[in-house]
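The following paragraphs walk through a protein model, starting with its sheet and moving on to its helices, a pocket and its aromatic rings. Please keep the sequence and the structure in view while reading.

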Amino acid sequence: MQSLLADQLKLTHNVVAILFSDSKPEDAHQLGEGKWGCAMALYVLTMKQGKCVAFDRTSYGCVGAGVGLCLGDTYTPAREFMENLLADEEGYFKSRELVDDFMDNFGYVDVPEKNVIFKPLIDVDPAVEEPVLVSFPVNADQLSALAALINFRRRGNDHVAAPFGAGCQSVCVIPYNESLKEQPRGIIGNIDLAARKVLPADILTFTVPYKTYLEMEEDVPLSFLSKKVWDPIRKRLDRSDR
């Protein structure tokens, strides 16, 4: 599937399609069963190298990724571990009580499908499969454009969010919960410090439901991306791509 947005934004990395499926491609890269690993490291395999990767309920890498990949509530069985990790070791919360509040109020999703798949959007045939989410690895200029474009056909200005959570949560479960809303917000992701070490220093993510992605694609020719206001940024992106 070709992307006008990828072309207009001069993306240097693959746009990542996120799919739920009972089957998985034979060539999919996957973490070993029960092995620790970072789901965002596999996202990087897709965005940088164009690899297809897959996760299931026996190979999602870490406690937060089970939650993040829409594979249910993996926090509750590891509650004491998470309290210690997020409050004491990593210092994301002032107290264990705040960690409990975070876990108690998280929007858990347990999809019925067996596998969560990341693959380059360009490799998706929409006649055969339909992504659930589309995730853009972007720099600041590209992020600004996406955040503006999602507002193009909507009233108001509350159409982008950057919630606290693990990197994988920001590209899967959080935007999936947005997809259930009438006007889903685009999610700025990977402000998670633990995920930052596996991503390029200048890259964040912007993830939307597939339906929203199609609307944004449709709006490209009518929007600021075809106006003079975009020209200086486009030229800067052209220079940085050389």
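Eight strands form an open sheet in the order 2-3-4-1-5-8-7-6, with mixed pairing. The model is a predicted one, in which local features need pLDDT of at least 70 and side-chain atom pairs count only at pLDDT 80 or more, while totals for chains, interfaces and linings use all residues. Residues are numbered from 1 along each chain as its sequence is written, and side-chain values use heavy atoms, with hydrogens and water left out.

Strands (E, at least two residues) and helices (H or I, at least four) are DSSP runs numbered from the N terminus, and two strands pair if DSSP finds at least two bridges between them. Strand 2 (29-30) and strand 6 (160-161) are at the edges with a single partner strand each, so one side of each has no neighbour in the sheet. Strand 1 (residues 16-21) pairs with strand 4 in the antiparallel sense over six bridges; I18 has F118 in strand 4 as its bridge partner.

Helix 6 (residues 140-149) packs on this sheet and touches strand 5 (133-138), strand 6, strand 7 (186-189) and strand 8 (204-209). Contact here means heavy atoms within 4.5 Å. The direction of helix 6 makes about 145° with that of strand 5; axes are lines fitted to C-alpha atoms, for helices over the stretch in contact, and angles run from 0 to 180 degrees between N-to-C directions. Helix 10 (residues 210-219) also packs on the sheet, touching strand 5 and strand 8, and its direction makes about 100° with that of strand 8.

Helices also contribute to the largest pocket, whose lining includes at least two residues from each of helix 2 (39-49), helix 3, helix 4, helix 7 (167-171) and helix 9 (193-196). A pocket is an open set of points on a 1 Å grid over the protein atoms alone, where a 1.4 Å probe fits, with protein on both sides within 12 Å along at least five of seven lines; lining residues have an atom within 4 Å of a point. Helix 4 gives the largest share of this lining, four residues. Of the 29 lining residues, C62, E90, A166, D192 and A194 lie nearest the centre of the largest pocket.

One aromatic cluster consists of Y75, Y92, F93, F102, F106, Y108 and F164. Rings of Phe, Tyr and Trp (its six-membered ring) pair if their centres lie within 6.5 Å; planes under 30 degrees apart are stacked, over 60 edge-to-face and the rest tilted. The whole structure has 15 aromatic pairs. In one of them, the ring centres of Y75 and F106 are 6.2 Å apart with the planes at 90°, so the pair is edge-to-face.
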